[in-house]
Amino acid sequence: MKKVLNTLFKEIVQETDTNPAFRARVEAALGLDDKKKPEAKAHDASSPHPKRPSNRRPPAVLDPVHLARQGEDLLRSELAKLDIEQLRDVVADYGMDTGKLVLKWRDSERIIERIIEVARGRAQKGSAFRDQGPGDGTADPADLDDGSQTKT
């Protein structure tokens, strides 16, 4: 079986070297023709950054979670300065549209409310574990030892 496969692959390699049409069909069948095109664009010398695919939105112009940590009023004022497409960029870049509905909305105020809602939730995530100390209702682990454990 090994000998038969080696002979077959040698024939395929030889045919791809001599027949450009056959080579193109083999590359298409293996999905190699699609991989060559983005690499050529990504390594374009005129662009310092790789070009994003045409079906991707531009990156967000601000970080809503960082602004939400500084205050909702600041976040709201910064979002108010953006046009609807920039708001959609923020939603897309930060994954704030899991239901694939927000990017279809035409009301910028509605999009802003969604961004604030998600950013506030992400900014407060884990806050139950921050800034806790004596007198804030949390128990000190040393107080939990009731002396019932015996030392060996």
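Guide: Contact means heavy atoms within 4.5 Å. Helices (H or I, at least four residues) and strands (E, at least two) are DSSP runs numbered from the N terminus. The model is predicted, so local features need pLDDT of at least 70, side-chain atom pairs need 80 or more, and totals for chains, interfaces and linings use all residues. Numbering starts from 1 along each chain as its sequence is written, and side-chain values use heavy atoms, without hydrogens or water.

The protein chain has seven helices and zero strands. Along the sequence its pattern is α-α-α-α-α-α-α. Contacts between α1 and α2 can be named residue by residue. On the α1 side are Ile12, Glu15, Thr16, Asp17 and Thr18. On the α2 side they meet Pro20, Phe22, Arg23 and Val26.

Burial comes next. Of the 152 residues in the protein chain, 18% are buried (under 20% relative accessible area; exposed is over 50%, partly exposed is in between; 1.4 Å probe, protein chains only).

Now the salt bridges. The rule asks for a side-chain nitrogen of Lys or Arg within 4 Å of a carboxyl oxygen of Asp or Glu. By that rule there are ten salt bridges.

Take Arg57 and Asp89. Their closest N and O atoms are 2.8 Å apart. Arg57 sits in the loop between α3 (32–42) and α4 (64–70), while Asp89 sits in helix α6 (residues 84–93), so this pair ties together parts 32 residues apart in sequence. Arg57 is partly exposed, at 25% relative accessible area. Asp89 is buried, at 9%.

Set aside its neighbours within four places in sequence. The contacts of Asp89 are then Arg57, Pro58, Pro59 and Ala60.

Next, helices α5 and α7. Glu72 and Arg120 form a salt bridge, 3.1 Å from N to O. Glu72 belongs to helix α5 (residues 72–80) and Arg120 to helix α7 (residues 108–124), so the pair ties together parts 48 residues apart in sequence. Glu72 is partly exposed, with a relative accessible area of 32%. Arg120 is partly exposed as well, at 34%.

Glu109 and Arg76 meet in a salt bridge at 3.7 Å, N to O. Glu109 is in helix α7 and Arg76 is in helix α5; the pair links distant parts of the chain, 33 residues apart. Glu109 has 41% relative accessibility and counts as partly exposed. Arg76 has 27% and also counts as partly exposed. Salt bridges with shared partners join Glu72, Arg76, Glu109, Glu113 and Arg120 into one network.

To recap the two sites: a loop residue, Arg57, pairs with Asp89 of α6. Elsewhere, Glu72 of α5 pairs with Arg120 of α7, and both belong to the five-residue network.
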